[in-house]
Amino acid sequence: MIALPRNVSSRRAAGILRRVFDKLETGCAFRLWDGTLVQLGHSAPVCTAVVHRPDTFVRLMSDPTPLNFAEAYIEGAIDIEGDLFAGMKVADAMEEIRLPLRERLRLYVELWRS
């Protein structure tokens with residue numbers, strides 16, 4: 001198994017988030033460890049995921065599933081601000097996102113280039 005990088009810049013992280021999640025109909029946002037706010041989707045954010053550390057971001061983006069986000073939330077690695085129940089609908093929409101292998105490889109390389 002290849003080890004994941006431990007760091008990523010907030011600028012690169014914002015770009016990755018937009019590529020993965022900007023197709024969502026329901027708006028959501030991520031606030032990164034340095035305060036950078038990344039709004040996604042086609043409407044006002046119903047919730048904001050607060051990512052406390054770059055290594056948490058890398059872990060989440062290496063496997064961007066609702067289960068991985070839920071585990072990070074339970075561990076306290078991320079917080080959710082706003083309407084948690086509306087956020088669960090966003091999580092359902094995230095489950096429908098299917099990135100082609102080529103795009104997943106590009107994102108993985110992007111994480112490593114930080």
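Which exposed residues does helix 3 carry on the face turned away from its buried side? Keep that in mind as you start the tour. The model in your viewer is predicted.

**Stop 1: the whole chain**

Show everything as a cartoon. The secondary structure comes to 5 helices and 4 strands. Trace the elements from the N terminus: they run α-β-β-β-α-α-β-α-α. Now colour by burial. Of the 114 residues, 38% count as buried.

**Stop 2: helix 1**

Select residues 10-21, which form helix 1. Helix 1 has 12 residues. From its first C-alpha to its last it reaches 16 Å, close to the 16 Å expected at 1.5 Å a residue. Next, pick out its buried residues: Ser10, Ala13, Ala14, Ile16, Leu17, Val20 and Phe21. Look down the axis of helix 1. These buried residues fall within an arc of 165°, so they line one face of the helix. An α-helix has 3.6 residues a turn, so residues three or four places apart point the same way.

**Stop 3: helix 2**

Move to residues 54-62, helix 2. Its buried residues are Pro54, Asp55, Thr56, Phe57, Val58, Leu60 and Met61. Is helix 2 enclosed or open? Since 7 of its 9 residues are buried, helix 2 is largely enclosed by the rest of the structure.

Click on arginine 59, also in helix 2. Arginine 59 has 26% relative accessibility, so this residue counts as partly exposed.

**Stop 4: helix 3**

Select residues 66-75 for helix 3. Show the side chains of Asn68, Phe69 and Ala72, the buried residues of this helix. Look down the axis of helix 3: its buried residues fall within an arc of 100°, so they line one face.

What do they pack against? The buried residues of helix 3 pack against helix 1, strand 1 (27-31), helix 2 and strand 4 (78-82). Show those elements together with helix 3.

Now turn to the face away from the buried side. Here is the answer to the opening question: the exposed residues there are Leu67 and Ile74.

Click on glutamate 71, which is found in helix 3 too. Glutamate 71 has a relative accessible area of 38% and is partly exposed. Then step just past the end of helix 3. Glycine 76 takes a positive phi of about 85° there.

**Stop 5: helix 2 against helix 3**

Hide the rest and keep these two helices. Two packed helices are described by the angle between their axes and the distance between the axes. The axes of helix 2 and helix 3 come within 9 Å and cross at roughly 155°. How do the two helices run relative to each other, roughly parallel or roughly antiparallel? Helix 2 and helix 3 are roughly antiparallel, because angles over 145 degrees count as such.

Show the side chains where the helices meet. Arg59, Leu60 and Met61 come from helix 2. Asn68, Phe69, Ala72 and Glu75 come from helix 3. By class, this contact has 4 nonpolar, 1 polar and 2 charged residues.

Finish with two distances across the pair:

- Arginine 59 to alanine 72: their C-alpha atoms are separated by 9.1 Å, and the residues are 13 apart along the chain.
- Glutamate 71 to leucine 60: their C-alpha atoms are separated by 9.8 Å, and the residues are 11 apart along the chain.

Notes
Residues numbered from 1 in each chain as written. Predicted model: local features only at pLDDT ≥ 70, side-chain atom pairs only at ≥ 80, totals over all residues. Heavy atoms only, no water. Buried < 20%, exposed > 50% of the residue type's maximum accessible area, 1.4 Å probe, protein only. Arc of directions from axis to C-beta. Contact = heavy atoms within 4.5 Å. Axes fitted to C-alpha atoms, helices over the stretch in contact; angles between N-to-C directions. Parallel < 35°, antiparallel > 145°, perpendicular 65-115°, else oblique. Nonpolar A, V, L, I, M, F, W, Y, C, P; charged D, E, K, R; others polar. Expected span 1.5 Å × (residues − 1).
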